[in-house]
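Subject: Structure handover and notes

Hi there,

Here is the structure I promised to pass on. Please open it first, and then read my notes alongside it.

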Amino acid sequence: MKWIFRSFSALFSLAIIGLIAGVAVFVWILYYFGADLPKFDQLGNYKPPIITRVHAYDGKLMAEFATEKRIFIPINEIPDVIKEAFISAEDKNFYTHTGVDFMGVLRAIHTNIRNKSSGKRLVGASTITQQVAKNFLLTNEVSYERKIKEALLAFRLEKAFTKDQILELYLNEIYLGMGTYGVAAAGINYFNKSLEDITLEEAAYLAALPKAPNNYHPVRKYDAAVIRRNWVLSRMAENKYIIFDDYKKAKQLPLITTQSADGSYTNASYFAEEVRRQIINKYGDKSLYEGGLAVQTSLDPTLQKIAIKSLRSGLVAYDRRHGKHRDHIAKIDILEDWQEKLKEIAQPVGAEDWRLAVVLKTGDKIANIGFSSGKKAVITYNKVKWARKRISNFAMGTEITSVSQVLKKGDVILTEPSGEKLESGVDVYHYRQMPEVQGGLIAMDPHTGRVLAMVGGFSYEISEFNRATQALRQPGSAFKPFVYLKALEKGYTPATLVLDAPFVLDQGHGLGKWRPSNYTKEFYGPTPLRIGIEKSRNLMTVRLANQLGVDEISEIVSRLGVMDNMPQVLSMALGAGETTLLGMVTAYSSIVNGGKKVLPTFIDRIQDRDGTTIFKHDNRACEACGSLIEWEKQQVPEISDDREQVLSEQNAYQMVSIMEGVVKRGTGVKLNSLGYPLAGKTGTTNEEKDTWFVGYTPDLVVGVYVGFDNPRPMGKKETGSKVAVPIFKSFMEEALVDKSAIPFRIPSGIRLVKIDRTDGTRAEPEDEHVIIDAFIAGTEPSNTPVIFDGEKLVPIDFQGQNNSIGSSITTGTGGLY
């Protein structure tokens, strides 16, 4: 018995010693590994990088900016099915353990010992709490040292935070593949759904992703993804989160993902890029890419779609007028398996909704084409006859007489549906080429400055350079209204005669003489001021600017925001200075809105991640406004108009009336067929290098610019009227559908008088060229024509009596002949 007692004592002593040693080792581990553990106080104020989302004015998503694509969702707003799926997949004992699942640890140790000789990667038994500790506070190093620190941190986290707080951190932080972080962003990325709409099988798939998202890609690794999803479903059933029947039904369903559904985004890349630049300039990169801003823009998706279509169509129309200048996309020499070969050819950047096709057969009048889908169609002669070889913008090769001159068997080309069919029912397609010419279009609300639509080029994929906001170009004759506005401010009237005659300016020693001319190369004598705008008369404009003084022109264009520090040379009156399309549209907005200063804006409101408004464009005070005010049929509160008056209402309307004449009788006459009150001005620079049209209704201003990025002549007679006006017309045809034809608003102090537009006098019953013109009260014309002599209006007699024209044209300096 004694030996038994001694043996028991020895064993007990060894146990005590072992226990003491174990405690010592445990204390040493706590001291050694716990001494430099990172602090986790910041987790209590968890603000992860989240997505900045940019929306159109109707709420439709335009763009997202993020370093980590994440949407933060509080735990109480995450559906139970999401929580249960992740707990089943990652940590079934989450709500019962104290940070470490010891049974899981033992299983992992056993597995790692068994796999040690095979060289396999170490496996872990990390709980959700441990994963939070690792993801937030530690590295991804695979080692026992990191696992010990992870466990120690998990114990501390469980004491500092509730289980729901820990789960909230986990579900918002975890990476779930394809650039998405957190369950909310993943739900949108994989299924285009918010979390409340996620189904059981979809939740199970999301919960299958944390271990290795790339191994369970829904398309490339479909079978593995379904197996892993079904495993999660089985765990949910095992843990009693779902009944067995639901498990059986869900596992039979296919895995269907809907990534970045096209209908959920508004196509507005140039607009979104402008918004991105403005936010960075205002708040910095970090706020944009990590701050989770909610940005509501002024973009109207309907108008934006029309703008893209109109500009692209206009650029293509110009390009077609000047023939074929590009080779075909590719060549398929042997047409056996042409469908598969066509699939291997990449769609050209910027082609967008144009489709690649291969020519299967060609003849004189028709070419048969095929698409990668297997569909077949035709291209007829009238769809390719434009494709004469381009020699220059002024010359093309021989006329096309057959389709086979342009298209050969095996050619891979770009096509677009024409909407036409042959008698046999086969679809007819256009033959397309990517244009070289570029352009921009802006639509603006003239009363608020809100940019409703903007396109900065043929395709953002081809070039991110924005011709609407970044391109400095000469506006040509579109600049002239500012000269005439200054004249109206100085006492001229729309009926004042201005001499249209040769003008020569001595530019100084060795610089020669400047001799501007009209586009027609003709002279028209004394002409009413309004005709100078309607017919875009260069000589009238230069003479008028010379009388007013270039400094006066500089002052008004600066006041209207067209350009600052305009060079003090007379050629500026003809639009030789450089400005942007945005600047021109903004200035024209001040004309149509009654002379109010306009500040262009692309952004209506910005909210931070907490929903606090940190910026809004409209800062007018309204004490009687608010979302909590109940509607009791009270009067709508009046909001003060604090816009600066930069033009008199009367002068502004006079210019509107003059520019209406551009549409009714002048260079914009093609727009008459629209049947709406319209006004505007064309612009064409020397050698037709830049073409413009800026026009408007009472409530919408639209500007169009077309030209080459490296300015060069666009071709003979390629003027603003021929190039830019059709784009404006195409836009307005759709934008004004179902809109009332509202006339331009006439301010008080204006008198409408019938005049003879040939000489500016009051109309007589027998006159043929009668129009109604706008005059400030007290300045209405008489029966005698008047001309401005630089100081006052002087009556003239075309028969030679009291003729003051001679003194008028010699007023001023600068070598006038």
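Against which helix and strands do the buried residues of helix 21 pack? Before the answer, some ground rules. This is a predicted model, in which local features need pLDDT of at least 70 and side-chain atom pairs count only at pLDDT 80 or more, while totals for chains, interfaces and linings use all residues. Residues are numbered from 1 along each chain as its sequence is written, and side-chain values use heavy atoms, with hydrogens and water left out.

Helix 21 and its surroundings

The buried residues of helix 21 pack against helix 13 (301-321), strand 14 (438-444), strand 22 (679-684), strand 23 (690-697) and strand 24. Helices (H or I, at least four residues) and strands (E, at least two) are DSSP runs, numbered from the N terminus. Contact means heavy atoms within 4.5 Å. Buried means under 20% relative accessible area, exposed over 50%, and partly exposed in between, with a 1.4 Å probe and protein chains only. In helix 21 the buried residues are Gly720, Ser721, Val723, Ala724, Val725, Ile727, Phe728, Phe731, Met732 and Ala735.

Two strands pair if DSSP finds at least two bridges between them.

Strand 14 is worth a look. With strand 24 it pairs in the antiparallel sense over 7 bridges; Met444 has Val701 as its bridge partner there, and Gln438 stands opposite Gly707. Strand 14 is also joined to strand 15 by 4 bridges, again antiparallel, with Met454 as the bridge partner of Ile442.

How many residues of strand 14 are buried? The count is 7 of its 7 residues. In a regular strand the side chains alternate between the two faces of the sheet. Here both faces are covered, with Gln438, Gly440, Ile442 and Met444 buried on one side and Gly439, Leu441 and Ala443 buried on the other.

Cores

A nonpolar core is a set of buried Ala, Val, Leu, Ile, Met, Phe, Trp, Tyr and Cys residues joined through side-chain atoms within 4.5 Å. The largest one has 131 residues, and Phe482, Tyr696 and Phe731 have the most contacts inside it. Leaving aside neighbours within four places in sequence, Phe482 is in contact with Ile556, Val557, Leu560, Val562, Met584, Ala587, Tyr588 and Ile591. Apart from that core lies another, of 53 residues, including Ala89, Ala133, Leu153 and Met236.

A helix crossing

The axes of helix 2 (residues 80-90) and helix 9 (residues 222-238) come within 8 Å and cross at roughly 100°. That makes helix 2 roughly perpendicular to helix 9 (under 35 degrees counts as roughly parallel, over 145 as roughly antiparallel, 65 to 115 as roughly perpendicular and the rest as oblique). Val81, Glu84, Ala85, Ser88 and Ala89 of helix 2 meet Trp231, Val232, Arg235 and Met236 of helix 9.

Two positive phi values

Ser536 has phi near 55°, a positive value in a residue other than glycine. Ser536 sits in the loop between helix 16 (529-534) and helix 17 (538-548) and is buried, at 12% relative accessible area. Lys717, also not a glycine, has a positive phi of about 65°. The loop holding Lys717 runs between strand 24 (700-707) and helix 21 (720-735), and Lys717 counts as exposed, at 54% relative accessibility.

The whole protein

The protein has 22 helices and 28 strands, and 50% of its 817 residues count as buried. Among contacts with a separation of 6 or more, 68% are between residues 24 or more positions apart.

How values were computed:
Axes are lines fitted to C-alpha atoms, for helices over the stretch in contact, and angles run from 0 to 180 degrees between N-to-C directions.
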